[in-house]
Amino acid sequence: MSLNAESTAFRSALEVIRAVEPRVADAIGAELADQRESLKLIASENYASPATLLAMGNWFSDKYAEGTVGRRFYAGCQNVDTVEALAAEHARELFGATHAYVQPHSGIDANLVAFWAILADRVESPALKKAQARQVNDLTEADWFALRRELGDQRMLGMSLDAGGHLTHGFRPNISGKMFDQRSYGTDPATGLIDYDKVAEAAREFTPLILVAGYSAYPRKVNFRIMREIADSVGATFMVDMAHFAGLVAGKVFTGDFDPVPHAHIVTTTTHKSLRGPRGGMVLCGPELADQVDRGCPMVLGGPLPHVMAAKAVALAEARRPDFADYAQRIVDNAQALADGLTRRGAKLVTGGTDNHLVLIDVSGYGLTGRQAEQALLDSGIVTNRNAVPQDPNGAWYTSGVRIGTPALTTRGLGTAEMDATAELIHTVLSQTTPGASKAKYVLDPALAEQVSKQASDLLTPFPLYPAVDLG
Ligand SMILES: *Cc1c(COP(=O)(O)O)cnc(C)c1O
């Protein structure tokens, strides 16, 4: 495909938008400029391909398609069927899964679909059978009342937030924490690693219905074979949320015990993080849970987003190409180069390094809070986000950590040499920043911030973002 076609496509789209509301066209153009200029180290972000982006901006957005492929509650869904079936097929082939459900609108939605599929399978179905009812509408008032009580009285064991777990794994501010009685497993204070014996002990004591693995800020591999054994030993359903590292699974960096798909009963993910697709979610499972998962809409989801499913099909097709495996390996090589560069310069890293796409700097080593460090880096043209470290004394708002990840910069083409240069910039800013009068205040010489911004921008110059897109 000619590069010129990409540029023409985006320019024409902006022209059409500009004719209606020029401020929106301006904001879209400004967003591209901002993304081009910033050294984006946010571990959950990436740059989707032009084909993926363009697949979203069209008339598929206008179609209602509740139901599943070939079984819709609306007429005229044959083209939606085509793209949904394609996305699911690519997902199954890519991950070696028996079943893929590509409708979830986000990672949170994918998790809700999974939770309710498990609850339906393990709590609702047995209750229906016992009452000799075919479906919930056939239950007596008394049986329905009892079932609702039982659905709301289940237990979940997941990774603690400060060890890198996610809010949707049963924490109170999220609906999952209101649905489930939750308990967490953490990491070993000495090594920062998951202690599987402790997980097994917690599982024995708590006997959860669901054991969840998966994280957004744990810089190491997880052994899913061991986690499955633990789940089996207490009769729990084993769920893995691979939202952050799906790209590393797709690219076969995580294989064997570290590939969640053969070990988990059910796997959820986002499609926009390391997987590099459109903003959305997905569920993979075996035949046992497939029917329940397919009830995601209207169980917890509104009508599917056919334009996003079209983009998922495109991005998943891209992830099946051999160069994606190369991309995934470079993500990890880059993260390790960044970790090495930081360590050599004296930074303190949670677990001492990484074997995935992210690095968690414990900025207490620089005498800073996560909030001070994040802002000082931002002043210097380096975009990261603050994150709690295990047993964080500064809580979830100020934190003591900064999380950095390499999926986005790797997409741009930066390699290990640039990662070492990035480590130098990060270390320079953090070692020159001094804490201020509060956990949010800090002092950083503006001249230094400006100098680092310039160096960060120079680092990006040889690696243009969307090089074919010239908005003029
Ligand atoms: C990002 C993330 C989610 C939520 O994804 P959204 O698309 O923002 O809803 C869920 N689980 C984990 C582990 C994540 O990292």
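A residue is called buried under 20% relative accessible area, exposed over 50%, and partly exposed in between (1.4 Å probe, protein chains only). By that rule Leu167 is partly exposed, because its relative accessible area is 35%. This is a predicted model: local features need pLDDT of at least 70, side-chain atom pairs count only at pLDDT 80 or more, and totals for chains, interfaces and linings use all residues. Residues are numbered from 1 along each chain as its sequence is written, and side-chain values use heavy atoms, without hydrogens and water.

**Overall build**

- The protein has 19 helices and 16 strands. These are DSSP runs numbered from the N terminus: helices are H or I with at least four residues, strands are E with at least two.
- A compact globule of 472 residues would have a radius of gyration near 23 Å, and the protein agrees, with 23 Å. The radius is taken over C-alpha atoms, and the globule rule is 2.2 Å times the number of residues to the power 0.38.
- The C-alpha trace spans about 75 × 55 × 40 Å along its principal axes.
- Of the 472 residues, 56% are buried.
- Among contacts with a separation of 6 or more, 74% join residues 24 or more positions apart. Contact means heavy atoms within 4.5 Å.

**Lys273**

- UniProt, in an unreviewed entry, annotates Lys273 as "modified residue: N6-(pyridoxal phosphate)lysine". UniProt positions follow the numbering used here, feature names are shortened, and annotations may be inferred rather than shown by experiment.
- Lys273 sits in the loop between strand S9 (266–270) and strand S10 (281–285).
- Lys273 counts as buried because its relative accessibility is 12%.
- Leaving out residues up to four places away in sequence, Lys273 touches Ser44, Asn46, Ala243 and His244.

**The annotated binding site**

- The unreviewed UniProt entry marks Leu161, Gly165, His166 and Leu167 as "binding site".
- Leu161 lies in the loop between strand S5 (154–159) and helix H7 (175–179). Leu167 is also found between S5 and H7.
- Leu161 is partly exposed, since its relative accessible area is 34%.
- Setting aside neighbours within four places in sequence, Leu161 contacts His166, Leu167 and Phe171.

**Arg71**

- Arg71 belongs to strand S3 (residues 71–72).
- Arg71 is exposed, because its relative accessible area is 60%.
- Arg71 and Ser364 are 293 residues apart along the chain, and their C-alpha atoms are separated by 55 Å.
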